[in-house]
Amino acid sequence: MATQHSRSAARLMMAPAVILLLGWMLVPLTMTLYFSFKKYLPLRGGDLGWVGFDNYVRFVTSSAFWPSIYATLIIVGGVLVITVTLGVLLALLLDRPMWGQGIVRILVIAPFFVMPTVSALVWKNMFMDPINGLFAHLWKFFGAEPVQWMSQASLPSIIMIVSWQWLPFATLILLTAIQSLDGEQLEASEMDGAPPLKRFWFIILPHMSRAITVVILIQTIFLLAVFAEIFVTTGGAFGTKTLSYLIFQRVLESQNIGLGSAGGVYAIILANIIAIFLMRIVGKNLDN
Amino acid sequence: MKNSIRVLMGACALGALATASSAETITIATVNNGDMIRMQGYTDQFTAKTGIDVEWVTLEENVLRQRVTTDISTKGGAFDIMTIGMYETPIWGANGWLVPLDDLSAEYDVDDILPAMAGGLSHDGTLYAAPFYGESSMIMYRTDLMEKAGLEMPAAPTWEFVREAAAAMTDRDADINGICLRGKAGWGEGGAFITAMSNSFGARWFDMDWNAQFDTDAWANTLNFFVGMMNESGPAGYATNGFNENLSLFQQGKCGMWIDATVAASFVTNPAESTVADSVGFALAPDTGLGKRSNWLWAWALAIPAGTQQEAAAKQFIEWATSKDYIELVAENEGWANVPPGARTSLYENPNYIEVPFAQMTLDSILSADPNNSTVEPSPYVGVQFAAIPEFAGIATEVSQEFSAVYAGQQTVEEALAKAQALTNDAMEAAGYR
Amino acid sequence: MARAVTTRRKAINTALAWAIGLLIFFPILWTILTSFKTEGQAIADPPIFLFFDWTLENYAIVQERSDYMRYLVNSIIIALGSTALGIVIAVPAAWSMAFVPSKRTKDILMWMLSTKMLPAVGVLYPIYLLFIKMGLLDSRMGLVVVLMLINLPIIVWMLYTYFKEIPGEILEAARMDGATLKEEIIYILTPMAVPGIASTLLLNVILAWNEAFWTLNLTAAKAAPLTAFIASYSSPEGLFYAKLSAASTMAIAPILILGWFSQKQLVRGLTFGAVK
């Protein structure tokens, strides 16, 4: 079907998207690489000359570097585990017959429409504030000491906020997957007397594996870039400084473009490691 | 294809629409503090007077800093007036990024600006930003609770007294904390407080060779005293409390004392917002007898980025917003207690204003802070609660994050100081000081 | 008998699902409720759920302080503009990937996705400089382009997965009848992919609406969308829960309503090729 003619036409049609994205990737990447080898301090007169790999060495030897990798992985991992697990359970529930399914579905997907800044502000102030927050009232009602969410449970708090935002996305995709499951197959297994847990494990879960992979892939891309939620809540204190937040601190708070750019290059490397890792798992799952 | 071109053209037209604007419009970036929001409300009067339209970009403090710093360091020109502080002004002025305010009109009376404020907003004797309001810090305390504790607040207390009084006022069952202080990470939040406090304990950020000084006893004493006092008498979770959190605690009657910005005085004595408005007293920020008090000096000021197309209009606006007339205007409509304080000498000579309960203490606090000589031992930097060097904001934010982790009980004072020492020296090395 | 069990089960499902649904929705509901309280009632102890003096004063204050309509118009233009532009560029690309796949198609797709992993903060400075050079600072056009580029990989991927589900025989039949490439796309492919395109559109409008880094950092007064509007209501001096809630409600209401009305399309199409 693919003639020579249609091949070249296809290339032509792909060209705008590819060229634009190539530009969007290459131009900033080149500039980041360029800055990363420079001592570039805007507040001290800008370009102060080439410094070789100084910025790269300084960025990784900083005491904040490894904790930031740790925080990044914990946040991404934590949110993925929570959203996928709860997403599967919620999708199973929503697939069951019930009254008012449409409205429940609306309620469940609503957090996805809330902008990250707003959700972070609302959670931080109106729920997690240790004095006026709703959680504090709830804890006091049960006679417990209110939790200092932002300082004593900083990472779990951020994971919770981000999970709330992404749970709808996971649920929706997983729900579509469940709904496409062949009813007959399920019924047959029911007839066979397979217990629900077994049915879930051997029929439903394998069927959903592809959807789960897609959820993990898409969410990872977005979660690596989580920023507003940290900026608004802890400002990077209490061990919540992720790699992208650390870069923000170097570039904007310290106004050290060279150092921040070196950090940017590390972030790109980390993203690619994760990407390759994901492709290995996902690619296989997506092919068949 | 035709459709796609049409869409593209549509998009271009939208872009063109966005850039077309009247020549007499100025864009002002400002912080979302009460006094600035009030100023926005009066903008119409400025427009009516001069025919110049004003577009406001009002942002939360941290977002504002990030936004204006990016714009000015790239010469982006997105704003005609920026609201900046005493930290940024001398640095930006030295870089030639700001329009010098050396030709303001005679009726503006530039000499009327409080010398402490003018000094902090100048570089090499040239004024680069006009103060909209200025502040120091002082003790605000509950007169009723102080009386109940059987104590009397001296006009100039020591830290020892403050700690004792705080312990005496604390009544955790009644939800009353003896003292509320900033513990929140960030150089302008908890970082500013602990730095100002450290001055009174004889500490400093750098010695004359720009070596970090966190390994000194003075810093250990400061932090240990702060943590000890807050654990005895502070609110739970003070590690995340900044200005706003403490303001709300104090207004709800949950603090015996609060040491913070003098501008807060008008909020805590405002019966519309504060449940304790009629029982607030004021005193100078405490000391330890070493000759320096723990009050800071700050001004929110309006500055014009160099290269703006609207320099003349921008200057007109600054002359209007920081004038004596503007103060009169606010006084007329909202009462003297609500005028922007701390910027002009004449305000404190005004018999109407000096009757305001916190006016004299504010002035005394401002006058007792000296940015050029803020530490007991000599230091190479200018600034009370900051060091006016470009690297400070980044370093101090990280340092204050380490301190906040102490306040939250996640590490010891020694660990935090060791980390602060290492990261400060590292950053100073990167910047080429050492 | 069997029927009774089913009804009971259905009742249990319903109760459970509603409880969870309300729990998930509660933060939004609480925000909306708080926006109608006075500042004092917003922090009342114990919290007041419904029996407070409903007031609109917070909305009045917010509207007086910041011209909501201007931010709203910017948000709409930027979200719709970037999505439209993205679709125009992505449809041909997705078409060729789906129907004329080569060995490298999968790699190109994955590479496109990987461009989304660049940390935005790291390239703020270079992009800001570029924007100044091109005169795009504080323009809607600039944001339309940037948000289009950010979301393009997602658009391409979504469309690709829908197109791939369309059987190739139909296209071949059309080609036999002498349809040109253009006609093929417009008259055959697009109608068949409408549900997919609709949900792609929706998802991208949502993503563009909620993007808060570039929209905040590349604008000043003229092109600022609702993300900038919200930035002036986070932690001001004094009590602010009620005003923050009102501003938040105003910022999320349009997209929430759009989302609710179109949730069927969104749900139907949001598969990313996850369903075979």
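1. Chain C of this predicted model is assigned two domains, domain 1 covering residues 2–59 and domain 2 covering residues 67–269. The C-alpha centres of domain 1 of chain C and domain 2 of chain C are 32 Å apart. Eleven residues of domain 1 of chain C and eight residues of domain 2 of chain C make up the contact.

2. On the side of domain 1 of chain C that touches domain 2 of chain C, at least two residues each come from α1 (2–34), α2 (39–42) and α3 (57–65) of chain C. The largest share, three residues, belongs to α1(C). By class, this side of domain 1 of chain C holds four nonpolar, five polar and two charged residues.

3. Within chain C, helix α6 (residues 124–133) also deserves a remark. Which residues of helix α6 of chain C are buried? They are L124(C), Y125(C), P126(C), I127(C) and F131(C). An α-helix has 3.6 residues a turn, so residues three or four places apart point the same way. After α6(C) comes G135(C), with a positive phi near 65°.

4. Chain B is likewise described by a domain assignment, in which both domains are made of two segments: domain 1 comprises 24–135 + 297–359, and domain 2 comprises 137–296 + 377–430. A distance of 27 Å separates the C-alpha centres of domain 1 of chain B and domain 2 of chain B. Contact between them involves 14 residues of domain 1 of chain B and 16 residues of domain 2 of chain B.

5. The side of domain 1 of chain B that touches domain 2 of chain B receives two or more residues from each of α5 (88–94), β6 (130–142) and β10 (297–303) of chain B. Its composition by class is ten nonpolar, two polar and two charged residues.

6. Turning to chain A, the secondary structure consists of 13 helices and two strands. Taken along the principal axes, the C-alpha atoms of chain A fill a box of roughly 75 × 75 × 30 Å. Chain A has 288 residues, of which 51% count as buried. Where contacts in chain A link residues at least 6 apart in sequence, 70% of these contacts join residues at least 24 apart.

7. Between chain A and chain C, the contact draws 80 residues from chain A and 78 residues from chain C. How many residues does helix α1 (residues 4–36) of chain A give to the side of chain A that touches chain C? Helix α1 of chain A provides 16 residues, the largest share of that side. The side of chain A that touches chain C is made up of 61 nonpolar, 15 polar and four charged residues.

8. Between chain A and chain B, 24 residues of chain A contact 30 residues of chain B. Both α7 (149–152) and α12 (243–253) of chain A supply at least two residues of the side of chain A that touches chain B. Sorted by class, the residues on this side of chain A are ten nonpolar, eleven polar and three charged.

9. A last point concerns confidence. The average pLDDT of chain A is 87, and 94% of the residues score at least 70. Among the elements of chain A, the highest mean pLDDT, 95, belongs to helix α3 (residues 65–95) of chain A, and the lowest, 70, to helix α9 (residues 183–191) of chain A. Where pLDDT is low, the predicted coordinates should not be read in detail.

Definitions and conventions: Residues are numbered from 1 along each chain as its sequence is written. Chains are lettered from A and ligands numbered from 1 in the order in which they are written. This is a predicted model: local features need pLDDT of at least 70, side-chain atom pairs count only at pLDDT 80 or more; totals for chains, interfaces and linings use all residues. Two residues are in contact if their C-beta atoms, placed from the backbone, lie within 7 Å. Helices (H or I, at least four residues) and strands (E, at least two) are DSSP runs, numbered from the N terminus. Ala, Val, Leu, Ile, Met, Phe, Trp, Tyr, Cys and Pro count as nonpolar, Asp, Glu, Lys and Arg as charged, and the others, Gly among them, as polar. Domain bounds come from an automatic or database domain assignment. A residue is buried if 20 or more other C-beta atoms lie within 10 Å of its own, exposed if 12 or fewer, and partly exposed in between; C-beta atoms are placed from the backbone. pLDDT is the predictor's confidence in each residue, from 0 to 100.
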